[in-house]
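Hi there,

Here is the structure I promised to pass along. Have a look at it first, and then read on for what turned up.

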Amino acid sequence: MLTTVLLLATLQNPPQAACCDFASFAKDPLFATMHPLKEPTGWQPTDGVMVSYSATDGSKASGFWVKPSGEDKACIIMVHEWWGLNDHIKETAEKLSAETGYGVLAIDLYRGKVATDGGEANQYMNGVKEDQAQAVVAGAVKAVKHGELYEASAVGTVGYCFGGGWSHKTAIAGGEDVDACVVYYGMPDTRASSLKRLQAPVLMIWPTKDAWINASVVASFKSAMKAAGKQLTVESYDADHAFANPSSARYNEEAASDAWRKTIAFYKEHLGGG
């Protein structure tokens with residue numbers, strides 16, 4: 001009963017976050033309850049391996065790397081949800097690579113930590129330091145574009161939830177090295193100073209029932225991107241936050257499948273064939 005009351009209050013008075021500050025949602029007691037996980041699927045990696053690469057601050061970062069199927073291919077930087085670099089994200093990286101032929105580097109902003117409940121996820125998400133994470137994502141773009149891991153013909157980004165905002169930040173940090181950005185229900189950076197550096201077109205996947213990445217957030221993003229002269233496509237779905245995650249109890253198969261098809265098509269248009 002209490003959860004129902006909190007949910008109704010949230011939907012009537014959607015929480016607000018400062019620009020690009022997804023972690024502030026962790027202060028909402030309802031937020032953690034909206035991310036129930038299903039039982040693990042028992043997935044095991046077949047193509048990807050854990051690797052290390054250089055962050056731009058001189059430290060070492062890690063990620064799950066799926067090599068492209070051949071030479072002269074595009075690569076995608078994938079950023080995890082608030083759970084961390086778990087098996088679902090690794091499995092998604094392998095699936096994306098298999099369907100496109102692209103390389104996929106699923107990076108780890110939690111430095112090896114993976115949450116299994118909302119309390120841990122909140123803790124890890126709030127523990128991410130902006131400057132360190134910026135160094136990790138910028139280093140990832142360089143690693144796949146300029147030879148440490150690969151020399152990609154083009155680079156894209158994608159992220160989910162917490163990682164959706166970081167997909168956008170990765171594209172901003174990468175500047176002209178990033179050619180396409182996909183944001184799944186993440187908090188975008190709407191600051192003019194940031195968008196000035198963005199070179200990639202953006203596809204935003206937006207579930208209209210999302211009480212956090214809500215209509216106000218999307219409207220502000222559209223307005224900011226238009227003012228900056230940047231390309232933005234928003235695909236909306238009658239679904240809720242985390243709808244594209246099959247390991248989530250909020251999974252919406254029909255919407256997720258359509259969003260996946262549009263994501264692949266967007267990459268093919270802007271990154272080229274696999």
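In which loop is the place of S247? This is a predicted model, and in it S247 sits in the loop that runs between strand 8 (232–237) and helix 8 (253–271). The relative accessible area of S247 is 16%, so the residue counts as buried, the cut-off being under 20%. Its side chain also has a partner: a polar contact of 2.6 Å links S247 with the side chain of N245.

Next, some backbone angles for you. Most residues other than glycine have a negative phi. Against that background, R111 is worth a look, as its phi is positive, about 55°, although R111 is not a glycine. You will find R111 in the loop between strand 4 (103–107) and helix 3 (118–126). With a relative accessible area of 41%, R111 is partly exposed.

C161 also has a positive phi without being a glycine, with a value near 60°. C161 belongs to the loop between strand 5 (155–160) and helix 5 (162–174).

Finally, the cysteines. C75 has 0% relative accessibility and is therefore buried, and C181 is buried too, with a relative accessible area of 0%. As for disulfides, the count is zero: a pair would need its cysteine sulfur atoms within 2.5 Å.

Happy browsing, and do write back with any thoughts.

Best wishes

Technical notes
Residues are numbered from 1 along each chain as its sequence is written. This is a predicted model: local features need pLDDT of at least 70, side-chain atom pairs count only at pLDDT 80 or more; totals for chains, interfaces and linings use all residues. Side-chain values use heavy atoms; hydrogens and water are left out. Buried means under 20% relative accessible area, exposed over 50%, partly exposed in between (1.4 Å probe, protein chains only). Helices (H or I, at least four residues) and strands (E, at least two) are DSSP runs, numbered from the N terminus. A polar contact is a pair of N or O atoms within 3.5 Å; within protein, one must be able to donate a hydrogen and the other to accept it, and residues adjacent in sequence count only if both atoms are side-chain atoms.
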